[in-house]
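Student: Could you take me through a close look at one helix pair in this model, and then show me where that pair sits in the chain as a whole?

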Amino acid sequence: MPISNWIPLAAAVATVALLLAAAFTDLTRYRIPNVLVVAIVVVFAVDAAFNFAWPALVWSAAAAIGMFLLGAGLFAFGLFGGGDVKLIAAMALWTGVADLPRFLFVMSAAGGLLGAIWLVRRRLRSAPAVSQASSALAAPAAKIPNRIPYGVAIGVAGLDFFVASPHSPLMQLWPWAA
């Protein structure tokens, strides 16, 4: 296999690793570091430079700009975090216009499930104690923030793109894609 075939595979694997890191940091610290988002964009640029698919690059850039503008509006209303907006825009480069609807659907579904889990978790933490004695001795429960680590949902949607999309660079590895 020539090196030109390995570059898209390496770029996709690197992006998956960066997505997992972004999801983990959002889950643990409610932050998505800019360095991870910039790395996803740089890896995409390297992949695009070796693919020479310039018309597709224009559509990918259009998808990313559109998602950034939409996300900026959601950020202005306090509905999304800034890291989430940047990560969605970076992933829109990879999905392009063709796979963007599926990416957004999977992201929304995963975000809804994550929100339900966070709600149940909150309810369980704030449940009243069984007895007076145990409540007097019990340590106060750690407060769960009202924020949802949406980077996890974005990561799930990104993984779905790389595993299931016919436009994914990893598709050549899957035996069922032939």
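Tutor: Happy to! Let's begin with a convention: a crossing is called left-handed if the near helix is turned anticlockwise from the far one by less than a right angle, and right-handed if clockwise. Helices (H or I, at least four residues) and strands (E, at least two) are DSSP runs, numbered from the N terminus. By that convention, the crossing of H3 and H4 is right-handed.

A word on the source: this is a predicted model, in which local features need pLDDT of at least 70 and side-chain atom pairs count only at pLDDT 80 or more, while totals for chains, interfaces and linings use all residues. Residues are numbered from 1 along each chain as its sequence is written, and side-chain values use heavy atoms, with hydrogens and water left out.

Now the geometry. Two packed helices are described by the angle between their axes and the distance between the axes. Here H3 spans residues 54-76 and H4 residues 82-125; their axes come within 7 Å and cross at roughly 135°. Axes are lines fitted to C-alpha atoms, for helices over the stretch in contact, and angles run from 0 to 180 degrees between N-to-C directions. H3 and H4 are therefore oblique to each other (under 35 degrees is roughly parallel, over 145 roughly antiparallel, 65 to 115 roughly perpendicular, and the rest oblique).

Which residues make the contact (heavy atoms within 4.5 Å)? On the H3 side they include Trp59, Met67, Phe68 and Phe75, and on the H4 side Val85, Lys86, Ala89 and Leu104 are among them. The residues of this contact divide into 16 nonpolar, four polar and one charged; Ala, Val, Leu, Ile, Met, Phe, Trp, Tyr, Cys and Pro count as nonpolar, Asp, Glu, Lys and Arg as charged, and the others, Gly among them, as polar.

Leaving aside residues up to four places away in sequence, phenylalanine 68 touches Val85, Lys86 and Ala89. Its C-alpha atom is separated by 6.1 Å from that of valine 85, 17 residues apart along the chain. Phenylalanine 68 is partly exposed, with a relative accessible area of 40% (buried means under 20%, exposed over 50%, partly exposed in between, with a 1.4 Å probe and protein chains only).

Stepping back, the chain has six helices and zero strands. Of its 178 residues, 38% count as buried. Among contacts with a separation of 6 or more, residues 24 or more positions apart account for 72%.

Terms used
Contact means heavy atoms within 4.5 Å.
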